[in-house]
Amino acid sequence: MTTIFGKIIKREAPADIVYEDDLCLAFRDINPHAPIHVLLIPKKAIARLADAQPEDQALLGHLLLAANKIARQLGVEGAYRIVISNGADAGQTVFHLHLHILAGRRFRERPS
Ligand code: AMP
């Protein structure tokens, strides 16, 4: 099923895109929880991290390295937090795998 993120990939919905390559796309969250709050998504529609398959191993590694690149690009490589919510009970609301990249404030607390 196509989600809002699928529409952003196809440019059928607007987004403030900060990074794109062959495999992934990153754009600013519309409801930011930190001064920098970027969502990084694979172009392949994987609903949840739990749905990733062994053949997605390279893609998952690619996402983490892309997150690092985006953090450098945004000047926050020294301190950023990555969050992935898997499943509705974990707070996932959009069922297209995404990494939250959060930065620009102190994160003293553990992810809650
Ligand atoms: P999660 O709750 O982990 O599934 O995260 C979904 C995130 O997507 C939330 O932080 C929303 O604010 C964000 N979001 C939903 N729709 C859009 C959109 N059209 N553009 C940017 N961010 C969005």
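Me: Before we start, what should I keep in mind about the numbers?

Reply: This is a predicted model, where local features need pLDDT of at least 70 and side-chain atom pairs count only at pLDDT 80 or more, while totals for chains, interfaces and linings use all residues. Residues are numbered from 1 along each chain as its sequence is written, and side-chain values use heavy atoms, with hydrogens and water left out.

Me: How do I read a pocket, and what volume does the largest pocket have here?

Reply: The general idea: rolling a probe the size of a water molecule over the atoms shows where empty space is left. On a 1 Å grid over the protein atoms alone, a pocket is an open set of points where a 1.4 Å probe fits, with protein on both sides within 12 Å along at least five of seven lines. Points are joined across faces, edges and corners, and the volume is the space filled by probe spheres set on them. In this model the largest pocket comes to about 720 Å³.

Me: Which residues lie nearest the centre of the largest pocket?

Reply: Asp29, Asn31, His33, His37 and His100 do, out of 32 lining residues; a lining residue has an atom within 4 Å of a point. The lining divides into 15 nonpolar, 10 polar and 7 charged residues. Here Ala, Val, Leu, Ile, Met, Phe, Trp, Tyr, Cys and Pro count as nonpolar, Asp, Glu, Lys and Arg as charged, and the others, Gly among them, as polar.

Me: And which elements supply at least two residues of that lining?

Reply: Helix 1 (4–9), strand 2 (24–28), strand 3 (36–42), strand 4 (81–83) and strand 5 (99–103) each do. The largest share, 3 residues, comes from helix 1. Helices (H or I, at least four residues) and strands (E, at least two) are DSSP runs, numbered from the N terminus.

Me: On to the cores. How many residues does the largest nonpolar core have?

Reply: In soluble globular proteins, nonpolar side chains tend to be buried together. A nonpolar core is a set of buried Ala, Val, Leu, Ile, Met, Phe, Trp, Tyr and Cys residues joined through side-chain atoms within 4.5 Å. Buried means under 20% relative accessible area, exposed over 50%, and partly exposed in between (1.4 Å probe, protein chains only). The largest core in this model has 19 residues, and Tyr19, Ala26, Val38, Leu40 and Ile70 have the most contacts inside it. Strand 1 (17–20), strand 2, strand 3, helix 2 (57–73) and strand 5 give two or more residues each to this core, with the largest share, 6 residues, coming from helix 2. Apart from it lies another core, of 9 residues, including Phe5, Ile8, Phe27 and Leu39.

Me: What does Ile70 touch?

Reply: Contact means heavy atoms within 4.5 Å. Leaving out residues up to four places away in sequence, Ile70 touches Val18, Tyr19, Ala26, Val38, Leu40 and Ile101.

Me: How many aromatic pairs does a search of the whole structure find?

Reply: A pair of aromatic rings is described by the distance of the centres and the angle of the planes. Rings of Phe, Tyr and Trp (its six-membered ring) pair if their centres lie within 6.5 Å; planes under 30 degrees apart count as stacked, over 60 as edge-to-face and the rest as tilted. The search finds 1. Phe5 and Phe27 sit edge-to-face, 5.3 Å centre to centre with 70 degrees between the planes. The pair links Phe5 in helix 1 with Phe27 in strand 2, 22 residues apart, and both are buried.

Me: Is His96 buried or exposed?

Reply: His96 counts as buried because its relative accessibility is 3%. This residue is in the loop between strand 4 and strand 5. Setting aside neighbours within four places in sequence, its contacts include Thr3, Phe5, Gly6 and Ile9. Thr3 is in the segment before helix 1 and is buried too, at 12%.

Me: Where is Asn86 found?

Reply: Asn86 is in the loop between strand 4 and strand 5 and is partly exposed, at 31% relative accessibility. Its C-alpha atom is separated by 5.7 Å from that of Arg48, 38 residues apart along the chain. Not counting residues up to four places away in sequence, Asn86 touches Arg48, Leu49, Ala50 and Gln92.
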